[in-house]
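Take each task first, then follow the steps of the solution.

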Amino acid sequence: MDFLQIALVLVVLFVLAIPMGKYLARSFSLETTRLDRVFGGVEKAIYKLSGIRVADMTWKQYAMAVLVSNISMVAIAYLLLRLQGMLPGNPSGIAAMEPLLSFNTAVSFLTNTNLQHYSGESGLSYLSQMLVIIYLMFTTPATGIAVVMAFMRGLTGQRSIGNYYVDLVRAHTRVLIPLAIVVTLLLVTQGVPQTMEPTATATTISGTEQQIARGPVASLVSIKHLGTNGGGFFGVNSSHPFENPTPLTNVIEILSMFLIPAALPFAFGFMAKSRKQGWVIFGAMFAMFLAFLVTAYANEVNGNPALERAGLSQVMGSMEGKEVRFGIAQSALFTAVTTAATTGTVNNMHDTLTPLGGLVPLGEMMLNCVFGGDGVGTINILMYAILAVFLAGLMVGRTPEFLGRKIEGKEMKLIAIAILVHPLIILAPTAIALATEMGSSAVSNPGFHGISQVLYEYTSSAANNGSGFEGLGDNTPFWNISTGLVMLFGRYVSIITMLAVAGSLLAKTPVPETMGTLRTDNSVFTVILIATVVIVGALTFLPVLALGPIAEWLTIR
Amino acid sequence: MILKNLRLSLVLLLICGIAYPLAMTGVAQVIMPAQASGSLITDASGKVVGSELIGQTFTDPKYFWGRISSIDNNASGSGSNNYAPSNPALIERTQKDIAAFLAANPGVKQEDIPADLLTNSASGLDPHISPKAAQIQVARVAKARNLEPVQLQALIEANTDGRSLGVFGEPRVNVVKLNLALDELKK
């Protein structure tokens, strides 16, 4: 039954992703399409209200627009968090958030990370949940989708890179808002609350008093997944029975967060007018995903040997930190998907995963291109594809070309920057945190697992994932500032360098395909791509993984 | 340019941050008021006794016990201890709980205790236990209430949810609903 329910979810994903890819390619087409008749009216009204012109941009204008719009969003979010105690929409009377935590929270939601150093029930008013959290949960994946569309236009040699504002608005009107409405209502049918009533008070069966926090949960949970955001309404995220009450909601949430990242490679295939190219990219990501999923499932289903020795049967698998309604299969699948799509929502506590089970989310975030978040994940895998073309081209003596455009020094330098920044902003802060008292005092589990906790926090920040080994006591100035900076670098370095690559490729004259061209649309290239990701992306992290999860595994096996 | 971006940000804020959640609340409250308000359970006099979806703490032998909750099922928050599999505190807690469970349930063999019963759920609010975890408590509850075990079997069955669509998730017993039904039985 475990195998069947996992396979079924993946099959449904597959069936949805291909038409979604086609829809995405059409929605963001630079040409006029029939979709303009459906959505054009609303979009024109938004352009008019905001005073936006819809002319094509250069890559520099595009990148500048991304930055300025994101700065204005984060400023609004920060102000609202600081003022929430005085604003309406606060029936449970929650105080203003302090400055450093507000900085961390605003940055975290701006960068699509959704790392949470606060607990939603007690840290945010309903108004903040709506105006800060839900708002940024729409705009940041929309930014990611906009940027990937610009990048793919550059790679496939379209008329221009497009207009950022048009892409941003279309991502809202054509993709995220319609999907969010459908998913919200589906979730409510299963019992996810959607109310403005304050916390309920119950007198329990045993006669004690129970406070039950609730709120406008469903409208947040839907976009949390669709936008690969991941920040929960409640502290424990999608393991909370109000965020994820049944196995059916679990499946809906998994599909929601995987849909757009899985559809984008197909959108790329449609834009490149080579469906095979889309399949090659999808295939490479799917193969890596399967390897991670199998590892997570196999380790969790085997249980915790330390508990077995303590006398608790592990026939059910490792149930510490998991919910009964999900069991091992739906928990392992959720864990593999949430860190692949860098959503960061959790339906079980990653801190309690078995050592090698916990290696899976870490590994996926370190690679950062196994599907990845809305938009940015596809950018990362395409970046590895260009690198793979370059490496393979050098090895066999063929000219490195990707989709008819020469890959030269300029592009390779930009890609090298993006690839090197990722391990740098994970490993350097991890080392600093472990070496200093202000960092290491946050660790809550003794032994090698403590190293994993610190490593996980920075990996999650750099990959803009947002899940955590939540035992870490991370609401301190050191952690709020350091993870805030890592999240900013993790998001914007690759966005800007890749827009530059797109601009540079677009300016080149296409070269005709010859006998000497390395083909990028066959299974050989899929293998080369996976090898490049593993060799370049993974080997950097092997030593630190040996110190954390692997060492812990050796101590309890 | 900055002004233009601020204007766009505010327009999107109105749509995504206000119009969308309020509209969703309105629609949800009209078509599914019970679910949208938190699936609250009320007794005959209209008093709220809990939520179908939120676990409660039971320690009395005459009730079925739920999973471990380090936050004592206090649903104004949520969470767990986040014990790593290698954490000595996890081993200590488990050994203590095994001894306590065996003492309260004479006749139960240690290797038959299902793992879900003595592990902390992820949310600290899990309302469910596995069917096996309910079965293993039948003898104790029957004795405490002077009931026949078969009566309890029927109640357990009535409060067991199967897999969603027959495939997804795990079969499970809702402890809150089961214990409510137990109290009804007495009347």
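Before the first exercise, a definition: a helix axis here is a line fitted to C-alpha atoms over the stretch in contact, and angles run from 0 to 180 degrees between N-to-C directions. Keep in mind too that this is a predicted model.

**Exercise 1. At what angle do the axes of helix H8 and helix H9 of chain A cross, and which residues make the contact?**

Step 1. Find helix H8 (residues 218-226) and helix H9 (residues 247-271) in chain A; their axes cross at roughly 40° and come within 7 Å.

Step 2. Classify the angle. Angles under 35 degrees count as roughly parallel and 65 to 115 as roughly perpendicular, with the rest between them oblique. H8(A) and H9(A) are therefore oblique to each other.

Step 3. List the residues. H8(A) brings Val221(A), His225(A) and Leu226(A), while H9(A) brings Glu253(A), Ser256(A), Met257(A) and Ile260(A).

Step 4. Sort them by class: 4 are nonpolar, 2 polar and 1 charged.

**Exercise 2. How do helix H3 and helix H1 of chain A each pack with H7(A)?**

Step 1. Start with H3(A), residues 59-83. Its axis lies 9 Å from that of H7(A), at an angle of about 55°, which makes H3(A) oblique to H7(A).

Step 2. Look at who touches whom. From H3(A) come Tyr62(A), Ala65(A), Val66(A), Ser69(A), Asn70(A) and Met73(A), and from H7(A) come Tyr164(A), Tyr165(A), Asp167(A) and Leu168(A). This contact has 7 nonpolar, 2 polar and 1 charged residues.

Step 3. Move on to H1(A), residues 2-27. The axes of H1(A) and H7(A) come within 10 Å and cross at roughly 150°. Since angles over 145 degrees count as roughly antiparallel, that is the label for H1(A) and H7(A).

Step 4. Name the partners: Met20(A), Tyr23(A), Leu24(A) and Ser27(A) of H1(A) meet Arg170(A), Arg174(A), Val175(A) and Leu179(A) of H7(A). Here the classes are 5 nonpolar, 1 polar and 2 charged.

**Exercise 3. How much area do chain A and chain B bury between them, and which residues of chain A lose the most?**

Step 1. Read off the area: about 7,900 Å², with 67% of it on carbon and sulfur atoms.

Step 2. Pick out the leading residues.

Step 3. Count the residues in contact: chain A supplies 106 and chain B supplies 97.

**Exercise 4. Which salt bridges does the rule find across the interface of chain A and chain B?**

Step 1. Count. The structure holds 19 salt bridges over all chains, and 2 cross this interface.

Step 2. Identify the pairs. Arg93(B) pairs with Glu320(A), the closest N and O atoms being 2.6 Å apart. That pair runs from helix H3 of chain B to the loop between H11 and H12 of chain A. Asp126(B) and Arg325(A) also form a salt bridge, at 3.8 Å from N to O.

Step 3. Widen the view to polar contacts, where the count is 39 residue pairs between the chains. Helix H7 of chain A, with 11 residues, gives the most to the chain A side. By class, that side has 55 nonpolar, 40 polar and 11 charged residues.

Technical notes
Residues numbered from 1 in each chain as written. Chains lettered and ligands numbered in written order. Predicted model: local features only at pLDDT ≥ 70, side-chain atom pairs only at ≥ 80, totals over all residues. Heavy atoms only, no water. Contact = heavy atoms within 4.5 Å. Buried area = accessible area lost by both parts, 1.4 Å probe. Salt bridge = Lys/Arg side-chain N within 4 Å of Asp/Glu carboxyl O. Polar contact = N/O pair within 3.5 Å; in protein donor to acceptor, adjacent residues only side chain to side chain. Helix = DSSP H or I, 4+ residues; strand = E, 2+ residues; numbered from the N terminus. Nonpolar A, V, L, I, M, F, W, Y, C, P; charged D, E, K, R; others polar.
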